[in-house]
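I opened a new notebook page for this one.

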Amino acid sequence: MEQEFRLNVFEIMQNSTPSGRTSEDGSPAGDTIQKLILDNWDRYEKVSVYFDGVVQMTRPFCDEAFAKILEEHTLEEFNEKLHFPDSNDRIVKQLNDALKIRMKIIKSKQEREDMQAG
């Protein structure tokens, strides 16, 4: 396993305010970042995400790029694997907000499935 996969959001998105969930028109979006992270998840000990040049991210972008990873990996795995070395307070808040909302969505979905099964 290699040591570190480095991902620069600004270089991929070519935008200081990345937005959008899916890249339907061919331009990169949240799903582009998520795919890069998940494709390299098992190949590297850690995935470092850099935000140099990023001013602000939209909530849908944050959810798609980062929070939806919680549908495949636990929060503990997320915290062990993903590193955000240059993130500022605003980016940390955007990430945390997206993760909290996604965890609520996952929890309520699980509760509905449990009720239907029971």
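Here are my entries, in the order I looked things up.

Entry 1, the core. I kept in mind that this is a predicted model. I started with the largest nonpolar core, which has 27 residues. Which members touch the most others? I got Val9, Ile33, Ile37, Val49, Phe51, Met57 and Phe66. Next I checked which elements give two or more residues to this core, and I noted strands S1 (2-8) and S2 (44-50) along with helices H1 (9-13), H2 (30-40), H3 (59-65) and H5 (89-117). H5 has the largest share, with 4 residues.

I skipped its neighbours within four places in sequence and listed what phenylalanine 66 contacts. The list includes Val9, Ile33, Ile37 and Val49, and also Phe61, Phe78, Phe84, Leu95 and Leu99.

I found asparagine 8 in strand S1. Is asparagine 8 buried or exposed? I count asparagine 8 as buried because its relative accessibility is 17%, and the cut-off for buried is under 20%. The side chain of asparagine 8 reaches the backbone nitrogen of phenylalanine 10 at 2.9 Å. A polar atom of that side chain also lies 2.9 Å from the backbone nitrogen of glutamate 11. Leaving out residues up to four places away in sequence, asparagine 8 touches Tyr50 and Asp52. I also checked valine 54: asparagine 8 and valine 54 are 46 residues apart in sequence, and their C-alpha atoms are 9.5 Å apart in space.

Key. Residues are numbered from 1 along each chain as its sequence is written. This is a predicted model: local features need pLDDT of at least 70, side-chain atom pairs count only at pLDDT 80 or more; totals for chains, interfaces and linings use all residues. Side-chain values use heavy atoms; hydrogens and water are left out. A nonpolar core is a set of buried Ala, Val, Leu, Ile, Met, Phe, Trp, Tyr and Cys residues joined through side-chain atoms within 4.5 Å. Buried means under 20% relative accessible area, exposed over 50%, partly exposed in between (1.4 Å probe, protein chains only). Contact means heavy atoms within 4.5 Å. A polar contact is a pair of N or O atoms within 3.5 Å; within protein, one must be able to donate a hydrogen and the other to accept it, and residues adjacent in sequence count only if both atoms are side-chain atoms.
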